[in-house]
Amino acid sequence: MNGLHGIIFSYEKRNNLRELGEIRSSASVPFGGRYRMVDFVLSSLMNAGVTDVGIVLHGRYQSLLDHLGTGKNWDLSRKRGGLRLLPPFAYLRKGGGLEEFRGKVEALYGVRSYLEEIRQDYVALMDGDLVANLPLSEIFQHHLRCENDITVVCANDSFAVDNGCYFQIDRDGRVQDVLYNLNMPRGYRGLEVYILSKQLLIELVDACASHDLYSWRGDVLQARRDTLRIGSFIWNGYAAQIRSVQEYYDRSMQLLDPRIRADLFCPQRPIQAKSADKSSAYIGPEGRCVNSLVEDGCYIEGTVENSVLFAGVRVGPGAVVRNCILFKESVVGARASLTSVIADKDVEVLPDRTIMGHSTYPIVIAKGSRV
């Protein structure tokens with residue numbers, strides 16, 4: 001797999017993550033009790049033997065930098081190659097200031113010099129907020145075998161977001177049409193994972209930049225579908241691309257299903273993450289924990305049902321936590337009651353408080369709040 005290089009997009013995008021996205025990019029949003037969303041694409045690259053990965057940044061990336069460190073957890077801490085963080089230090093628009101990327105092609109043009117330095121012949125483009133355990137080595141071999149110019153990874157499940165990209169595919173697996181901004185989705189849902197050669201990528205970026213084009217979907221895939229051989233790889237496993245609080249809540253609750261966990265966390269392709277370095281979770285004599293994911297360092301003296309608890313969460317005596325997601329170091333006071341709540345890091349819920357959301361409208365408590 002030395003022929004494949006990874007590029008992960010983690011720049012700011014419009015989404016509805018509300019409080020969860022105010023202090024971090026979507027790629028660094030915690031997920032599944034111990035992970036960040038970027039862990040899944042990084043692990044997919046690592047499991048395929050990819051040794052060089054660049055991450056395209058823009059804003060709100062301090063949380064991501066703290067999480068990634070040197071890339072050691074994904075075997076990307078290397079003297080040559082390894083993990084490269086690509087902030088937009090050289091990207092200016094006509095106004096002279098730093099502005100949001102309008103699309104993937106513009107983001108790639110912002111790191112144009114980096115593309116020239118890539119040692120491998122092929123590149124995998126991936127979004128940092130994709131939660132999936134992809135067999136990337138199999139996808140790469142499929143790309144080579146089919147002699148595609150671009151291979152897009154698709155899913156049968158219309159799993160994710162508004163304004164998604166969909167593909168009409170013929171019986172030979174070739175993309176016939178590229179669709180987006182649909183009111184009624186049809187075709188195969190794109191996972192925003194693409195494999196193509198380094199040379200073709202540079203040619204496409206330069207051609208689009210010379211005409212002030214910026215959209216990967218519209219100006220590359222849709223505009224060139226008749227001149228490029230665009231093939232597909234259909235992924236039938238679990239996949240989620242989380243762009244709203246409701247999607248985040250629904251997908252987190254799905255992890256309580258053992259079948260989905262077995263699909264996402266298969267032993268053949270382990271998901272690596274930054275270690276929490278905590279002692280084992282403790283459930284007191286009066287504590288009760290049912291159908292929940294509980295990370296190391298949790299201290300439970302109350303009742304926890306159908307919930308996801310990150311490292312270091314404390315649930316006081318007599319407290320009840322149902323259908324909730326509690327981030328790292330959150331504290332639920334004695335006799336408090338939480339239902340359908342997403343609590344960010346370091347939240348403190350005072351004793352005897354009652355906070356009740358609903359599965360169709362979970363309540364989000366911002367980081368460091370005291371309620």
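Mentor: Let us start with Cys-324. Its sulfur lies 12 Å from the closest cysteine sulfur, that of Cys-289, which is too far for a bond. Please keep in mind that this is a predicted model.

Trainee: Is Cys-324 buried or exposed?

Mentor: Cys-324 counts as buried, because its relative accessibility is 0%.

Trainee: How many disulfides are there by the distance rule?

Mentor: The count is 0 disulfides. Cys-154, for instance, is in none, and the nearest cysteine sulfur to it, in Cys-165, is 8.3 Å away.

Trainee: What does Phe-167 touch?

Mentor: Leaving aside residues up to four places away in sequence, Phe-167 touches Cys-154, along with Val-152, Val-175, Asp-177, Val-178, Gly-187, Tyr-188, Gly-190, Tyr-194 and Leu-221.

Trainee: And which residues have the most contacts inside the largest nonpolar core?

Mentor: Phe-167 is one of them, together with Ile-7, Leu-125, Ile-150, Leu-201 and Trp-216, in a core of 36 residues. Helix 6, residues 198-210, supplies the largest share of this core, with 6 residues. Another core lies apart from it and has 34 residues, including Ile-8, Ala-27, Met-46 and Val-153.

Trainee: Changing topic: in what order do the 5 strands of the open sheet come?

Mentor: The order is 14-17-20-23-26, and the pairing is parallel. Strand 14 (282-283) and strand 26 (348-349) stand at the edges. Each of these two has a single partner strand, so one side of each is left without a neighbour in the sheet.

Trainee: What holds paired strands together in general?

Mentor: Strands of a sheet pair through backbone hydrogen bonds, either parallel or antiparallel.

Trainee: How many bridges join strand 20 to strand 23?

Mentor: There are 2 bridges between strand 20, residues 314-315, and strand 23, residues 331-332, and these strands run parallel. Within that pairing, Arg-314 has Val-331 of strand 23 as its bridge partner.

Trainee: Why does Ser-63 count as buried?

Mentor: Its relative accessibility is 17%, and buried means under 20%. Not counting residues up to four places away in sequence, Ser-63 touches Ile-23, Arg-24, Ser-28 and Arg-36.

Conventions:
Residues numbered from 1 in each chain as written. Predicted model: local features only at pLDDT ≥ 70, side-chain atom pairs only at ≥ 80, totals over all residues. Heavy atoms only, no water. Core = buried A, V, L, I, M, F, W, Y, C linked by side-chain atoms within 4.5 Å. Buried < 20%, exposed > 50% of the residue type's maximum accessible area, 1.4 Å probe, protein only. Helix = DSSP H or I, 4+ residues; strand = E, 2+ residues; numbered from the N terminus. Contact = heavy atoms within 4.5 Å. Pairing = 2+ DSSP bridges. Disulfide = S-S within 2.5 Å.
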